[in-house]
Amino acid sequence: MALFGSSRDISFIKKMNSELLDNVIQQEVDYYKYNLPNTKGGDVDNLYGEASVQKTYYNPVRLTCLLERGDQAYVQDDQFGIDVTQPMTFRFLKPRLRELSLVPNAGDIVEVRGAYYELDQINENQFIAGKDNDYGKSVGTEFGESLSIVCIGHYTRTTRLQIIKAR
Amino acid sequence: MNVPIWPGSSSFASLSASYYNIPSSGVRPTAFGYYDSDSVFKVEADKVANWCARRLGYPIMEVELQDINFFTAFEEAVTEFSTQVNMYNAKDYMLTLLGSPTSTNLSGHPIVPNMGRTIDMAKSYGNEVGSGGNVDWKKGYIELAAGTQSYDLDTLWTDVSESGKRIEVKRVYHDFTPAIVRYFDPYVGTGSGTQQLLDSFGWGTYSPAVSFMVMPLYADLLRMQAIELNDTIRKSSYTFELRNNKLNIYPTPSAPLNMWFEYIVVEERNAASIQPTGSVSDISNVPYNRIEFSRIKDIGVQWIYKYTLATAKEMLGLVRGKYTSIPIPGAETTLNGTDLVQQGREDKTTLVTDLKELLQSMTRQGQMEQETAIAAAMQTQLSKVPTYIYIK
C-alpha cells in the first residue's frame, strides 16, 4: 500500500482541478468526436486508404480545458496565395472525459472561438502520485489516477469539416 | 471515491439524531461530543459552519471541508474558551481551593476566598519559633550531676524516650534567676536601698514591692538591666552550648538537679501533611468542569466564533497543504495551504493572548490594581476641582 495518492487525495486533487477549470479559468471548447461508422469514402477514389473528405462527427460536447495557443503562422503558397496555420494544445481533465466516455483520438475536432482544430497528437502521461489506478498491480486500485490528456492540434479549414456551412 | 466537501449547508440536528438514536448510524457530529446535547450549541453549530464557510470564500470558492470539520472546530473553540476561563479561576483561587473536595463542580460558582492555606503555610514558620504550627514541642529533662558539664542528649533522652528518633532541641531551661525577683536582693550588688523604706510602710513582704512605689518605669528597667549585666560580668554566666545534641552546661553544676528542655522530633516536622483522597491537590483535579456553551454570553460567544473560524482556516490550510503543488492538466499549481495555516495559527494565538490578558485583568489582583488606579485617577481629578472659599 502506498502512503500517498490514495483515493481521498485523488478526490481532493480532482475537485481542485474541477474548480480551477470549471470555475476559475473556465476556458471552454466544443469537442467533436469523429464518427467513424458514418464516414464514408465513396465520393472519391480511395485507392490508398487516405482520409475521406466526407468526415462526419458526433454532436459536440462542451468541455473545459487549459489552452495553450501557438502563434498563427502564415505560409505563402505560390499557387493559392497565403495560407494560415496555428498549433493549439488542449489540456483536458481525464476524469471529466471518463465521465463522458469520451476517448480523444487523432482526427477529432475541437472548436475554440469559432476556429476549428484537428487533433494530431494525444498524450496521456500525467498520473497523480505517479500511479494509474487502472493498472495498480500490487498497489491496488485505490492509489493514483491518470489526471490529464493533452491533445495537440492544428488549425483546419471549416470547409473541410462539414460541421458548419462555410459558404 | 468521491469525498464530499462543504455543500453550502449542514444539519447538525439530523447528523446528531442519526448518531445518537438507536440504532446508531453515521458519525458523531463532533470529535468528543462534549456539547452535542446542548440545545444552544446544536442550533448555533449550523450557523457557525455556514459563517465560517462564507468567511473562507464559499460560494465563490470551494471550501474543502465538511460539516463535521466545522462542528469539531466549534467544539474545540468552546472547550478552549472554557479551559482558559477555568484555568484563570483555578489560578486565582488555588490557595482557597487546595484541600477542598473535588466532587463539587465549581464552574459558574463564585468563590469566597479564605485565609486557610495562607495560615497553613505560616504554621511551618510558627513551628520553628514555638508560636503555633502543627508539630508538637515536647518537654524532657536530664539529670545534671555535680561536677559534670557535658551531656549527650541522644543517649540520655532520644534513645530512651523517642525510640532513637532524631530530636531538635528548641529551648533549654538553664538561666539565672530572673532579675525581677532579685530586685531587692542586697547580695546582687545593686541594691536600691528602698527595702527599709518599704518595710516601714508594711509592704516589705510583697514581691515585687515596687508596685507600691511612685517610681518611673524606666527606673525599674534600668535596675533590672544592671542586675543582668552584673551577672554577666561579675559572675559565672549561666549558659550552655549545644552541638549535635551534645550539651555543655556553664557553669559546671555544683549539685544534682533536673534540667528541662523542649524539643521536636525531626521526623514529625518533615512528615508531609497529606490531605485525604478526593481533595484538590493541584491544577489537575480542580473541579472546574467544562462550561456549557449555552451558559456563555456574548463576549465569550464572539470569541468562540472567531476561534472556530481560525481553527477552520488552519484545517483548510492543512488540507490544501498536504501536497506542496497540485497537478493540473499538463502542469502544476500551488495552493494557499501554507498561508491559511499560518493565518489560522496567528489568529488563534492572537485570540488566546487577548483572552489571557482579559482574564488576567479580571483576577482579584487585576481588579484591585484597576480599582487602585481608578481611585488615584479620581483623586487627581478631584484635586483640579476649584474649592469653594467660605468667607465669613
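Rings of Phe, Tyr and Trp (its six-membered ring) count as a pair if their centres lie within 6.5 Å. The model I am reading is predicted.

**Entry 1**

**Entry 2: aromatic pairs**

I searched the whole structure and noted 25 aromatic pairs over all chains. I picked out Phe12(B) and Phe71(B), an edge-to-face pair with 4.9 Å centre to centre and 75 degrees between the planes. Phe12(B) belongs to helix H1 (residues 12–20) and Phe71(B) to helix H3 (residues 67–97) of chain B, so this pair ties together parts 59 residues apart in sequence. I find Phe12(B) buried, at a relative accessible area of 0%. Phe71(B) is likewise buried, with 0% relative accessibility.

Next I took Trp157(B) and Tyr263(B), which also form an edge-to-face pair, at 6.1 Å centre to centre and with 70 degrees between the planes. Here helix H5 (residues 153–161) of chain B holds Trp157(B) and strand E6 (residues 257–265) holds Tyr263(B), so the pair ties together parts that are 106 residues apart in sequence. Trp157(B) counts as buried because its relative accessibility is 13%, and buried means under 20%. Tyr263(B) is buried at 2%.

**Entry 3: interface of chains A and B**

I counted 19 residues of chain B in contact with 24 residues of chain A. The two chains bury about 1900 Å² between them, with 66% of it on carbon and sulfur atoms. On the chain B side, Met1(B), Tyr323(B) and Pro329(B) lose the most area to chain A, together 34% of what that side buries.

How many salt bridges does the rule find across the interface of chain B and chain A? I get 1. I also noted a salt bridge between the side chains of Asp9(A) and Lys322(B), at 2.8 Å, N to O. Helix H9 (298–320) and strand E7 (326–328) of chain B each supply at least two residues of the side that touches chain A. The largest share of that side, 3 residues, comes from E7(B).

**Entry 4: Glu118(A)**

I looked up Glu118(A) and found it in strand E7 (residues 115–128) of chain A. Glu118(A) is buried, with 11% relative accessible area. Leaving aside neighbours within four places in sequence, its contacts include Lys55(A), Asp108(A), His154(A) and Arg160(A).

Definitions and conventions: Residues are numbered from 1 along each chain as its sequence is written. Chains are lettered from A and ligands numbered from 1 in the order in which they are written. This is a predicted model: local features need pLDDT of at least 70, side-chain atom pairs count only at pLDDT 80 or more; totals for chains, interfaces and linings use all residues. Side-chain values use heavy atoms; hydrogens and water are left out. Helices (H or I, at least four residues) and strands (E, at least two) are DSSP runs, numbered from the N terminus. Buried means under 20% relative accessible area, exposed over 50%, partly exposed in between (1.4 Å probe, protein chains only). Contact means heavy atoms within 4.5 Å. Rings of Phe, Tyr and Trp (its six-membered ring) pair if their centres lie within 6.5 Å; planes under 30 degrees apart count as stacked, over 60 as edge-to-face and the rest as tilted. Buried area is the accessible area (1.4 Å probe) that two parts lose on being put together, summed over both. A salt bridge is a side-chain nitrogen of Lys or Arg within 4 Å of a carboxyl oxygen of Asp or Glu.
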